[in-house]
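Subject: Structure handover

Hello,

Here is the structure we talked about.

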Amino acid sequence: MRLVIARCSVDYVGRLKAHLPLATRLLLVKADGSVLVHSDGGSYKPLNWISPPATLRVTSPEETEVEEGVVEQWTVQSAKTDDRLIINIYEHLHDTSHELGTDPGLIKDGVEADLQRLLAEQIELLGSGYSLIRREYFTAIGPVDILARDAKGATVAIELKRRGDIDGVEQLTRYLELLNRDPLLAPVRGIFAAQQIKPQAKVLANDRGIDCVTLDYDAMRGVDDSESRLF
């Protein structure tokens, strides 16, 4: 990755046009061909960029017609479209390159797969006498996260989300309609389980006879955060 801090102006030319007037900015040139223009604000989002694949051509004032004061012009051309980024550099303040190597990727903690595994191992959190039938119970419209039996032997379909909203309740409703057509499983009731459940989702679930369960992910994985709590 190449990091360049420079006084520059930037023009985006293509499906739309955009102009960044002269200012000091950070230019990121990545190994995948992308070029991103950042300011010292605006959070993580670049002011402008060209996505890969792209090519970068650097020219001097002697090679191309540029405004007075420009010491270098970058033309970043997208390989897929006619879009291009034209960066006129007036002054280089910093220029360095680093070999980052292959990134292993983001490893997420607390995703739905983790919740599914932990709840399957601790199915009693849903109530005394619950037993697991299986995880990822496949149906014609997709897999039900967990299929279980309650203390009375009735079949229960559980849909898991990190943040439960109306769409999750609708998804579980479709599963229940399909599962209840199977005489070997029916009657099947539903439980909508999540770390957080929006009020609108609770109202809809209650209207459809679906129970809601809020899961404490840290407690399920055995993390005691009592020391970090004020009360």
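A polar contact here is a pair of N or O atoms within 3.5 Å; within protein, one must be able to donate a hydrogen and the other to accept it, and residues adjacent in sequence count only if both atoms are side-chain atoms.

The model is predicted: local features need pLDDT of at least 70, side-chain atom pairs count only at pLDDT 80 or more, and totals for chains, interfaces and linings use all residues. Residues are numbered from 1 along each chain as its sequence is written, and side-chain values use heavy atoms, with hydrogens and water left out.

Asn88
The side chains of Asn88 and Gln73 make a polar contact of 2.8 Å. Asn88 sits in strand S7 (residues 84-97); strands (E, at least two residues) and helices (H or I, at least four) are DSSP runs, numbered from the N terminus. Asn88 counts as buried, because its relative accessibility is 9% (buried is under 20% relative accessible area, exposed over 50%, partly exposed in between; 1.4 Å probe, protein chains only). Beyond neighbours within four places in sequence, its contacts (heavy atoms within 4.5 Å) include Arg7, Cys8 and Val66.

Glu62
Glu62 lies in the loop between strand S5 (54-59) and strand S6 (72-78). Glu62 is exposed, at 70% relative accessible area. Its side chain has a polar contact of 3.1 Å with the side chain of Ser60.

Helix H1
In helix H1 (residues 112-121), the buried residues include Leu115, Leu118 and Leu119. The buried residues of H1 pack against several elements, among them strand S8 (131-139) and helix H4 (217-220).

Best wishes
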